[in-house]
Amino acid sequence: MSSHGINPADLRAVNLPRRRAVNRGMEAIATLAALTAVAILVVVVWSVARRAAGALDLNLLTKDPVPFAFGPVEQGLANAFAGSLVLVGLATLMALPVGILVAVYLTEFAQPTVRTTVSLALDVLNGIPAIVIGIFVFGLIVVGRGQSGWAGAFALACLMLPLVARATMEVLLLVPGSLREASLGLGVPRWRTTLSIVLPQTIGGIVTGAILAVARVAGETAPLLFTSSIVGTQTSWNPFHALQSIPVAIFELSESPDPQDHARAWAAAFVLLLFILFTSLGARWLATRSRRKLGASR
Amino acid sequence: MTGEDENVSITIEPTVRVETRRQPIPPPERLERIFNIVNLDAIYGSKPALEGVTMEIYKNLVTAIIGPSGCGKSTYIRCLNRMNDLIPGFTQTGTISYHGQDICGKDVDPVAVRRHIGMVFQRPNPFPKSIFDNVAWGVKVLGMKDDVAGRVERALTQAALWDEVKDRLKASALSLSGGQQQRLCIARAIAVEPDVVLMDEPASALDPIATQAIEQLMHELKSEYTFVIVTHNMQQAARVADMTAFFSISRGDEGHRFGQLVEYDATEKIFTAPSDRRTEDYVTGRFG
């Protein structure tokens with residue numbers, strides 16, 4: 001014990017076979033968990049695609065639904081696709097500028113304490129269930145005035161705002177401080193530095209955040225049930241009236257007794273799924289590209 | 001390797017002997033004071049960085065700030081153009097007057113201060129724009145809209161970069177080497193015609209040849225601008241500076257550390273006959 005040499009017995013592992021077995025077991029469980037996550041995605045996409053196949057044609061996108069149709073009638077969900085386009089478009093127009101301004105304020109101008117507090121508020125807002133936002137907008141706008149596309153878009157914008165603001169904050173924080181100092185050191189005002197030097201660096205990231213937010217709210221049903229769901233079957237682009245949307249159409253068709261309606265619901269779900277899949281992939285591609293650009297500019 | 005050890009041994013001489021390009025400093029009555037700093041204290045949060053700095057900076061001279069790491073050199077020159085305003089929790093007391101005008105007051109616009117007192121940073125930080133736009137952007141934003149191309153060419157020439165980049169002004173500034181990028185940053189700073197150029201260790205990230213180019217251009221431009229340069233490199237201070245200020249770290253009564261101006265004099269004097277023991281220890285390499 002008192003010698004300075006190392007006793008070979010100290011280096012010998014205790015219980016090696018048992019530890020190897022535990023290691024292998026844990027690895028297997030972790031791998032299985034990862035595979036399960038992927039499998040769920042594959043099963044969802046595949047089962048939706050399989051059930052959608054029957055109703056997936058151009059009519060789905062171009063024809064309005066025909067109520068109380070008996071027998072095979074050419075009909076689609078054009079009204080829902082048009083409505084979703086208007087709702088999500090308007091929501092983006094509302095949430096994007098506000099979200100970007102919030103992020104610019106927090107990263108470029110706010111005191112650290114304000115920044116942490118407001119960031120926390122954004123995270124809380126992000127965590128509020130969509131149905132609560134729906135009830136809130138229902139109480140705020142719909143009661144007394146009736147449903148409208150504006151109300152639906154506003155509800156979706158409330159959901160988008162924290163997503164856009166957080167994503168923009170992240171890319172703004174990536175812009176090196178030395179770039180701001182370079183501009184401020186010339187005697188250029190703060191607002192001009194932000195506008196001409198900082199923001200152009202982050203456009204890729206802001207677009208990515210916006211796309212992800214669009215993908216997220218395009219599938220939201222709950223806030224629209226309260227705000228924009230009592231609709232006719234005609235395609236309408238007018239946000240002053242309630243507009244049909246894909247998620248709400250899926251919900252309503254799934255309750256119908258007609259199996260044809262079920263098929264159309266599946267088809268609409270499949271289109272929505274594809275839309276979200278591709279926008280997410282596109283956003284990822286844009287994000288890596290803009291991140292690489294930012295990395296090179298240091 | 002072993003047999004030749006005697007040949008590469010280094011002896012530290014009592015004074016640093018380096019060739020200088022300095023001319024004799026004019027007599028004090030002919031020097032114009034550009035900055036008059038009185039009793040400047042700088043504090044980060046509750047941590048004092050500088051205490052009681054009092055010195056004058058003269059027009060058309062190169063003033064070097066030397067001293068060990070952590071002595072507040074950078075903090076000090078960033079006070080001179082209100083760059084520290086950007087750091088949360090930073091406060092300063094004392095007065096800095098610039099051409100007799102207090103620049104620390106609440107009613108002073110730091111943007112206007114920086115407009116006259118430009119800055120070059122430790123690491124080259126060109127904008128991710130073309131070489132031309134790097135220089136032209138500031139010129140245009142600050143409203144000097146006449147003859148932008150001419151101003152860009154003049155600034156790049158003064159920064160000794162024009163010949164190297166004149167055929168690729170549209171290329172990205174990020175394609176330049178580190179030394180070229182730093183000269184581009186100097187061109188960007190002087191293109192907006194400041195009065196003073198503050199340089200925070202401008203050559204610390206550069207190789208000796210690029211360093212020499214920057215020292216050369218400071219020497220050539222000092223008839224038009226006033227330079228204040230922070231440097232780690234004593235030889236550099238000895239080569240470029242007319243006046244040298246030595247800062248050191250002191251301990252207060254409660255044991256806190258802060259930076260302090262120890263000695264400020266003509267460079268010649270600081271390096272050959274310093275009056276303070278601490279300066280002598282530093283410039284002869286016994287400390288720091």
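User: How many bridges join strand E3 (residues 62-66) of chain B to E8(B)?
Analyst: This is a predicted model: local features need pLDDT of at least 70, side-chain atom pairs count only at pLDDT 80 or more, and totals for chains, interfaces and linings use all residues. Residues are numbered from 1 along each chain as its sequence is written, and chains are lettered from A and ligands numbered from 1 in the order in which they are written. Strands (E, at least two residues) and helices (H or I, at least four) are DSSP runs numbered from the N terminus, and two strands pair if DSSP finds at least two bridges between them. E3(B) and E8(B) run parallel, and the number of bridges joining them is 4.

User: Which residue of E8(B) is the bridge partner of Ile65(B)?
Analyst: Ile65(B) has its partner in E8(B). That partner is Val230(B).

User: Through which helix does the chain cross from E7(B) to E8(B)?
Analyst: Strand E7 (residues 196-200) of chain B pairs with E8(B) in the parallel sense over 5 bridges, and Leu198(B) stands opposite Val228(B). The β-α-β crossover between E7(B) and E8(B) is right-handed: with the strands pointing away from the viewer, the path from the first strand over the helix to the second runs clockwise. The helix crossed is H7 (residues 208-221) of chain B.

User: Which residues of E8(B) point the other way from Thr226(B), Val228(B) and Val230(B)?
Analyst: In a regular strand the side chains alternate between the two faces of the sheet. Strand E8 (residues 226-230) of chain B has 5 of its 5 residues buried (20 or more other C-beta atoms within 10 Å of the residue's own, C-beta atoms being placed from the backbone; exposed means 12 or fewer, partly exposed in between). Pointing the other way are Phe227(B) and Ile229(B).

User: Which element gives the largest share of the side of chain A that touches chain B?
Analyst: 17 residues of chain A are in contact with 20 residues of chain B (C-beta atoms, placed from the backbone, within 7 Å). Helix H8 (177-185) and helix H9 (190-218) of chain A each give two or more residues to this side. The largest share, 6 residues, comes from H8(A).

User: How many contacts does the model have beyond four places in sequence for residues 12-18 of chain B?
Analyst: Chain B averages a pLDDT of 87, the predictor's confidence in each residue from 0 to 100. Over residues 12-18 of chain B, pLDDT stays under 50. Where pLDDT is low, the predicted coordinates should not be read in detail. The contact count for this stretch is 14.

Notes:
Contact = placed C-beta atoms within 7 Å.
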